[in-house]
Amino acid sequence: MANRVRSIVITGNGTNCEMEMAHACRLAGSAKVDIVHISELLYGEKRLDDYHFLNLPGGFLDGDDLGSAKAGANRIIHADIKGGREKLYAQFVKFIADGKLILGVCNGFQLMVKLGLLPAFDRDYSTQTVTLTFNDSGRFEDRWVYLRINGDSPCVFTRGLEKIYLPVRNGEGKIVTKNPVILEKLHTNNHIVMQYSDENYERATMDYPDNPNGSVDAIAGICDETGRIFGLMPHPEAYLHYTNHPRWTREIMPEDGAGLSIFRNAVDFIQRNL
Amino acid sequence: MIHRIEIGFKEGIRDVLGEKTKRKIIEHLGIDVAEVDTIEVYTMEGDIVGDELGKIASGPLSDPIIQKYAIDRGLAARFDWLIEVGFRPGVTDNVGKTAREAVELLLNKKGVDVYTSRQYVLRGNITRKDAERIASGLLANELIQRYEIISGREWNPAEEVRPYVPRVTIEDNPSTEEIDLDVSDEELQEISDTRVLALTVDEIKVMRNYLHNETVLNERMKTGLNEKITDVELECLAQSWSEHCKHKIFNSIIDYEDENGSHTTTDSLFSNCIKKSTREIREDLGEDDWCLSVFVDNAGIIRFNDDYNLVFKVETHNSPSALDPYGGALTGIVGVNRDPFGTGKGSKLIFNTDVFCFASPFYKKPLPKRILHPRRIYEGVREGVEHGGNKSGIPTVNGCLVFDERYLGKPLVYCGTGGIMPARILGEATYSKEIVPGDIIIMTGGRIGKDGIHGATFSSEELHEDSPVTAVQIGDPITQKKMTDFLLIARDRNLYRTITDNGAGGLSSSVGEMATLCGGCELDLKKAPLKYAGLKPWEILISEAQERMSLAVPPENCEEFLDLAGKMNVEATILGTFTDSGKFHAYYGDDTVAYLDMEFLHDGLPRMQLNAKWIPPQHKEPDFPEPDDMGQALKDMLSRLNICSKESVVRQYDHEVQGGSVVKPLVGVANDGPSDAAVIRPILDSFEGVVVSNGICPRYSDIDTYHMAACAIDEAVRNAIAVGGSLARLAGIDNFCWCDPVESEKTPDGQYKLAQLVRANRALYDYTKAYGVPCISGKDSMKNDYIIGETKISIPPTLLFSTMGKIEDVRKAVTMDAKKSGDLVYVLGETREELGGSEWFALHGFTGNNVPKVNALKAKNLYDALTGAINKGLVASCHDCSDGGLGIALAETAFAGGLGMDVDLSRVPREGIERDDYLFFSESQSRFVATVFPKSREEFEGILAGNIIACAGKITSNKTFRVYGTNGETIVEEDINDLKKVWQKPLNF
């Protein structure tokens, strides 16, 4: 069957990882990859409906001025598609209902959480139950982290993966849940996809800098109960080739960067199921 | 109606900004505060009714999971002091702007103004005086911010803080003044001084003579002007003729007297040193010339491959950073971003590189008036560049920090940015610029305010008591990002003909300089979009308000261009037309407010004639004994500010965005070794890469700026070579930061300082030529002095030399960390007794006289050979020897690799060195420490044959750094982790 996977990477208003995110989709085998400025969606020139795989890249939506991705979430919830008959958010809801895939990285993840797209208990995609806030260190940091992957999570993006090494680059990467019940639910329903760990991937850690932000229970990424909606703070699109690895000059490693497998899983899933 | 919404954290949620503020209060000010909370305050003015305030507070302004809010009442409770810090009127409030947009979208209505402030809620045993110190010495910069202190005892919880609205209210009287220049010299000087024009009386007289010219006067009369100059014209000329824009000193005619009393005349250092070298290198390259545009545009352009060009520029933003470190540095980085962005047809920005020069953050002496503590400058600048770089999505790939007490008066903030552009767009070459008369002048991006008025002239004089507040701006990276997103699409659709940025001098410079491409312009200042009413026409013309580009758009494309801007929510405004009239013609509505001959505006300035006299300084030779404990000496050196790890700063800059990171600033087994240079891959499906490096060594200026400049160039070049770059395609950017070199009452030693400048430029010519590394652009900042009262502080003459080059295959790149035990340790290059100006001498309080000297011929041979060895994959690691010399390079190589090293100093190639400490810490140039796989030994030595190199040791699997002295005894035996700890400690905050 010919590849017909169509991916969209949304940009604009401070997003800045769209280029490498689109590159990742292409390398993963997506037949069509469009970087789409949000104004094109708002002007009705492009529609989410025409795609299978929605990418929300990292960056600083509106400078993260009101808290990370807050103003960005406000835009998606309240902005009308030109003509005024449809909200942009309605396109997101339909996209999810159609069983399509959404990946949010860093600022994209912050956006999803603040929209309520994650963890979306009981498929309620509009109520915020967790947040991403300032790192315990009080600073933005760029550093690579070891991540353990939860094999019991329904996440389609991490199938077959047990561990991964990726960079985090954020100032607001700490997950906080509304209350302990929410946290418990994240665990019991296997919403937790990946956790910061020690360098041997043996256990999730709260120790800085292995856990770079003090995220509760070392959570680095979560998905909804379908496993098709996934957000994470580390940047898989920043590790697509071995030369991205901070120690590639001292270790032998495969040609492809480990981050690519997350995009491959997404494209393969769409190819098989949609 | 005015409302206040306050947002704070819920009980049990960590307030990390509060914690960070508490640490700073304790560490910086020594005040023992127990607890600090923060509350964000949004003051709103506009038509907000009913439950709308609740919607705003619970919607975009607060996070329901962790935050709580209060509307029109105070949120703070139980405190000893509350300090609220907000902006003064007219200061850029980025958060306020975002909040306004969010509120307007939420309520679906316009006309709500939002101003932000922050409350710091303090608990602890603090006096009112302490609270004052905390407010003025740490939390608020009174130049741009105001604060209010409330005592907990006087606080009535039921009562809100009185709302303060920093609205700009100026009388809206956009009149133009005429100024009579037919007055005495004293009055002319007064005109210049009161208006911060930085013009000399002679320069104003040139304007007066111009206005007296009969033809000029007749033409002026026809437009409604007369023999008096308008304030618009005077300000416009002052900007265009400023040192900042015209580089008067670099273009002056200099009589140079050397130490033997013989004289030589240099007719423009710029033409005869910098441009000359580039011209000659290009001639030598002939058909293979890879320079495309040098010195004529906002940045230099070189060829990357057949399909792409690279663009590079480095700027400084020193004076504003002295006054407001955060805003100054933020504006510095987003400002230099617009240079490559506005070069040729415009380029996509692919890297930033920053170099900061500060006084020690641990400075303990009393501070001269109006000077901020170096730690405050350090952290403010660091944060400004963090926000500017990270939020723009441009990786900060490389940089350094330099410390010297003389940067107390003026810190140096160098910001550089590289870009990449398609070599052709729709078949047309992109590296040059043209404008056709009739093209429309469009300004796009931010609006114009009073911010940044007189930036160009202000930086053309020393920092003094009355330095204007309006010269400070705060950049807005997101407004700029929106604009660049839009313009890149407009570029690829070929909607505009030419683009340039609005930087120093504002529209006066951008439109004025663009107009030289066609021969004139007509500009209506009344059409310019303003942040608030009340600007006078001259202020509109020269305001340096940020995030603006000026474009020449063919009339037939205007509609499409403006439509695209509107769609992408970017403001774009037609301001006038480019002409071939030969005139710079500005209107305000129907009235002519400036009418100047283009030729006079750009070439009317008389050249300066200056004198330089070189008297070589003599410093005391050091007389300290060789240390008994070299291990301790090494640790002392590793903890020097100029040598120690800069990881805490590096980590806070995103160095990987855009996905092409290859050699990161931090490398090695624990990702914490100091990289020599950066390598990135700008095109993700290609292995062709870009190498970026810097060289800077101001301490050598105390001995001889000729060698200082030679060493800076050599350092930048060898850093690039060390990671796998090559001399085959390496371009340079010179960036001179000097203290005023013009002899005057204020500067009695001007002739010496000018001689220092001449010597540095001669070295620049000699060494760039010898290496074949052409300068493609540059910058100078000539007034880095501080004069208030009896105190004068001048920076050491400082040249930053930055390089950008091509690396054919990034997979061949090399990092500085030792790789495997058993690898052989080579020292490449010769060590001589060259400790003048070294860190080792400085540690003992000496300068000395034997400054390092560069042998360009030997160095070039070594560099070419090393490039060959690296390309063959023979080199496991390579690290340049710079500050602290061989000892530091060896130790860093070992601990970055997490491996031990045995090294024998008796095998190190040397000349005329007797003492082991001198051999270990001499800063002779053009040297590397390289490690080589044992199996590659013969091939490596074969390729390097003819160069001075030696195998001096090997990498070991134990964690011991062991050095044998020239007499065979062990002189250093230290655990690498101890060395690393010492090296990491000083700036780890």
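Is Arg14(B) buried, partly exposed or exposed? I began my entries with this residue and found Arg14(B) partly exposed, because its relative accessible area is 39%. I note at the outset that the model is predicted.

**Entry 1: the pair at Arg14(B)**

I looked up the charged partner of Arg14(B) and found a salt bridge with Glu19(B), the closest N and O atoms being 2.8 Å apart. Glu19(B) also counts as partly exposed, because its relative accessibility is 27%, which lies between the cut-offs of 20% and 50%.

I searched the whole structure and recorded 86 salt bridges over all chains. I then examined several of these in chain A.

I found the side chains of Glu40(A) and Lys46(A) joined in a salt bridge, at 3.4 Å from N to O. Glu40(A) counts as buried because its relative accessibility is 17%, under the cut-off of 20%. For Lys46(A) I noted a relative accessible area of 25%, so this residue is partly exposed.

I turned next to Lys94(A), which forms a salt bridge with Asp49(A); their closest N and O atoms are 3.6 Å apart. This pair links distant parts of the chain, 45 residues apart: Lys94(A) belongs to helix α4 (residues 88-97) of chain A, whereas Asp49(A) sits in the loop between α2 (38-42) and β3 (53-56) of chain A. I recorded Lys94(A) as partly exposed because its relative accessibility is 41%. Asp49(A) is partly exposed as well, with a relative accessible area of 28%.

Glu19(B) and Arg14(B) form the salt bridge of my opening entry. Arg47(A), Asp49(A), Glu86(A), Lys94(A) and Asp98(A) are joined into one network by salt bridges that share partners.

**Entry 2: the interface of chains A and B**

How many residues of chain B are in contact with chain A? I found 67 residues of chain B in contact with 61 residues of chain A. The two chains bury about 5,300 Å² between them, and 54% of this area is on carbon and sulfur atoms. In chain B, the residues that lose the most area to chain A are Ile65(B), Lys567(B) and Arg651(B), together 13% of what that side buries.

In a salt bridge between Glu45(A) and Lys567(B), the side chains meet at 2.6 Å, N to O.

I then asked which elements supply the chain B side. Those that each give at least two residues include α1 (16-29), α3 (94-107), α13 (374-392) and α18 (558-567) of chain B. The most comes from α3(B), with eight residues. By residue class, I noted that the side of chain B that touches chain A divides into 27 nonpolar, 19 polar and 21 charged residues.

**Entry 3: strand β10(A)**

I examined strand β10 (residues 174-177) of chain A and found both faces covered. Lys174(A) and Val176(A) on one side, and Ile175(A) and Thr177(A) on the other, are all buried. Strand β7 (residues 130-133) of chain A runs antiparallel to β10(A) and is joined to it by four bridges. Leu132(A) has Ile175(A) as its bridge partner in β10(A).

**Entry 4: strand β31(B)**

I looked up strand β31 (residues 689-695) of chain B, where seven of the seven residues are buried, so this strand is largely enclosed by the rest of the structure. One side carries Gly689(B), Val691(B), Ser693(B) and Gly695(B), and the other carries Val690(B), Val692(B) and Asn694(B).

I found two antiparallel pairings for β31(B). Strand β30 (residues 678-680) of chain B pairs with β31(B) over three bridges, and Ile680(B) stands opposite Val690(B). Strand β36 (residues 798-807) of chain B is joined to β31(B) by seven bridges, with Gly695(B) opposite Phe801(B).

**Entry 5: Thr194(B)**

Is Thr194(B) buried or exposed? I recorded Thr194(B) as exposed because its relative accessibility is 60%, over the cut-off of 50%. This residue is in helix α5 (residues 185-194) of chain B. A polar atom of the Thr194(B) side chain lies 2.8 Å from the backbone oxygen of Glu190(B). I also found that the side chain of Thr194(B) reaches the backbone oxygen of Ile191(B) at 3.4 Å.

Definitions and conventions: Residues numbered from 1 in each chain as written. Chains lettered and ligands numbered in written order. Predicted model: local features only at pLDDT ≥ 70, side-chain atom pairs only at ≥ 80, totals over all residues. Heavy atoms only, no water. Contact = heavy atoms within 4.5 Å. Buried area = accessible area lost by both parts, 1.4 Å probe. Salt bridge = Lys/Arg side-chain N within 4 Å of Asp/Glu carboxyl O. Nonpolar A, V, L, I, M, F, W, Y, C, P; charged D, E, K, R; others polar. Buried < 20%, exposed > 50% of the residue type's maximum accessible area, 1.4 Å probe, protein only. Pairing = 2+ DSSP bridges. Polar contact = N/O pair within 3.5 Å; in protein donor to acceptor, adjacent residues only side chain to side chain.
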